Amino acid sequence: MSGKKTIAVLGATGAQGGGLLRAILDDPGGPFAARAITRDVNSEKARELARLGAEVVAADIDDAASLEKAFAGAYGAFCVTFFWAHFSPEKEIAEAGAMAGGAKKAGLEHVIWSTLEDTRRWVPLSDGRMPTLMGKYKVPHFDSKGEADGIFRDLGVPTTFLLTSFYWDNLIHFGMGPRKGPDGVLAFTIPMGDRKLPGIAAEDIGKCALGIFKRGKELVGKTVGIAGEHLTGAEMAAALGKALGREVRYNAVSHAAYRGFGFPGSEDLGNMFQFKHDFEADFCGARSLETSRALNPALQTFESWLARNKSRIPLE
Ligand SMILES: NC(=O)c1ccc[n+]([C@@H]2O[C@H](COP(=O)([O-])OP(=O)(O)OC[C@H]3O[C@@H](n4cnc5c(N)ncnc54)[C@H](OP(=O)(O)O)[C@@H]3O)[C@@H](O)[C@H]2O)c1
């Protein structure tokens with residue numbers, strides 16, 4: 001490990017952080033060493049990361065002192081929050097603040113903050129095209145992240161702002177895969193009309209993050225958007241059908257219908273898809289495929305992701 005710069009990784013046992021952790025460990029000749037941050041160093045996943053060669057330390061993003069300790073002595077950190085663990089934008093902003101404060105105190109030289117757009121810059125609260133949620137948000141899990149960008153800036157933390165994309169892994173873990181309709185045909189339901197949805201293999205987010213750290217100071221203070229492909233719902237359904245060897249229909253429900261599905265977060269996600277739909281050019285434009293591939297030459301397309309993961313998509 002000597003001579004290597006340590007990157008402290010939040011969410012190291014999860015999707016984004018886990019991808020970065022493994023990308024660092026898979027690059028033994030590279031300049032970085034991996035420090036996995038977890039709430040439970042004895043969990044199965046944490047022990048697996050230690051076996052693979054990561055330093056594993058305990059911290060909780062709701063405990064600022066623990067974060068400071070976990071960042072101490074590191075060169076950089078990957079900061080991500082976990083909105084779906086609590087559904088609270090205020091909590092997410094506080095957590096981002098704790099990470100930014102910890103990074104500042106530890107004197108980190110490069111932080112990547114996994115953020116998203118504050119959609120209120122495009123859709124002010126007075127814009128009735130979509131309902132205002134929780135009193136002051138349009139897309140709560142986006143707006144809180146975008147709002148928190150200012151905390152990293154105000155504290156003068158040397159930060160790269162990473163705009164991520166819809167994980168294709170949501171089809172496996174987030175209940176967004178095709179479902180059989182009453183006629184027995186699989187339907188892929190997403191309220192994107194004929195617009196393109198930037199998507200990415202979750203593990204590629206971490207690989208792109210490693211590419212950003214490798215660029216050193218070049219990307220500090222910059223916003224970098226990443227995606228594996230920009231695809232319409234019809235293109236995604238066709239790719240699913242081809243991979244699965246059976247018909248998959250695109251079910252382009254309305255945004256209002258999606259908001260009304262009634263599962264936890266359905267209004268937030270309905271607004272999110274409407275934002276991506278209505279501002280397709282800006283949203284796709286902020287996520288360059290060329291930049292993403294330059295950061296991570298192994299970037300997967302939806303087709304290549306499906307070839308590796310189709311058997312993991314629950315279809316019933
Ligand atoms: N799904 C998508 O398409 C998508 C797209 C863009 C952005 N996002 C955003 O991605 C974020 C989630 O990232 P992810 O998918 O990488 O998460 P994830 O896979 O759910 O990983 C969560 C990991 O974070 C750790 N964790 C949870 N609460 C923690 C806490 N209080 N303190 C420290 N660690 C904690 C847990 O590790 P331990 O149990 O080991 O502590 C867990 O393994 C969300 O905010 C979401 O909005 C999602």
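**Close-up views of a predicted model**

A. Phenylalanine 174 counts as partly exposed, at 37% relative accessibility. The model shown here and in the other views is a predicted one. A search of the whole structure finds 19 aromatic pairs.

The aromatic pair of tyrosine 258 and phenylalanine 273. The ring centres of tyrosine 258 and phenylalanine 273 are 5.3 Å apart and their planes stand at 75°, so this pair is edge-to-face. Because tyrosine 258 belongs to helix 9 (residues 255–259) and phenylalanine 273 to helix 10 (residues 266–278), the pair ties together parts that are 15 residues apart in sequence. Both tyrosine 258 and phenylalanine 273 are buried.

**C. An aromatic cluster, and charges over rings.** One aromatic cluster is formed by Trp122, Phe142, Phe275, Phe279 and Phe283. Over the ring of phenylalanine 283 sits the charged end of arginine 287, 3.7 Å from the ring centre. Another charge over a ring involves lysine 5, which lies over the face of tyrosine 75 at 4.6 Å from the ring centre.

D. For glycine 14, a backbone N or O atom is 3.5 Å from a ligand oxygen. For arginine 39, a backbone N or O atom is 2.8 Å from an oxygen atom of the ligand. Asparagine 170 places an N or O atom of its side chain 2.8 Å from an oxygen atom of the ligand. The ligand taken alone exposes 940 Å², of which the protein buries 81%.

**E. Serine 144 in helix 5.** Serine 144 is found in helix 5. Its relative accessible area is 0%, so serine 144 is buried. The side chain of serine 144 reaches the backbone oxygen of proline 140 at 2.8 Å.

Asparagine 309 in helix 13. Helix 13 (residues 302–309) contains asparagine 309. This asparagine counts as buried because its relative accessibility is 9%, where buried means under 20%. Its side chain makes a polar contact of 2.7 Å with the side chain of arginine 312.

**G. Helix 7 and the glycine that follows.** Helix 7 (residues 202–214) is mostly covered, with 10 of its 13 residues buried. Among the buried residues of helix 7 are Ala202, Asp204, Cys208, Leu210 and Phe213. Glycine 216 follows helix 7 and has a positive phi, near 65°.

**H. Arginine 195 in a loop between strands.** Arginine 195 lies in the loop between strand 9 (186–189) and strand 10 (196–200). With a relative accessibility of 26%, arginine 195 counts as partly exposed. Its C-alpha atom and that of alanine 234 are separated by 9.3 Å, although these residues are 39 residues apart along the chain.

I. Most residues other than glycine have a negative phi. Phenylalanine 87 is not a glycine, yet its phi is positive, about 60°. It is located in the loop between strand 4 and helix 4, and with a relative accessible area of 32% phenylalanine 87 is partly exposed. Methionine 134 also has a positive phi in a residue other than glycine, near 55°. Its place is the loop between strand 5 (110–115) and helix 5. Methionine 134 counts as partly exposed, at 48% relative accessibility.

How values were computed: Residues numbered from 1 in each chain as written. Predicted model: local features only at pLDDT ≥ 70, side-chain atom pairs only at ≥ 80, totals over all residues. Heavy atoms only, no water. Polar contact = N/O pair within 3.5 Å; in protein donor to acceptor, adjacent residues only side chain to side chain. Areas by Shrake-Rupley, 256 points an atom, 1.4 Å probe, with all protein chains shown as cover. Helix = DSSP H or I, 4+ residues; strand = E, 2+ residues; numbered from the N terminus. Buried < 20%, exposed > 50% of the residue type's maximum accessible area, 1.4 Å probe, protein only. Phe/Tyr/Trp six-rings, centres within 6.5 Å; stacked < 30°, edge-to-face > 60°. Lys NZ or Arg CZ within 6 Å of the ring centre and 35° of its normal.
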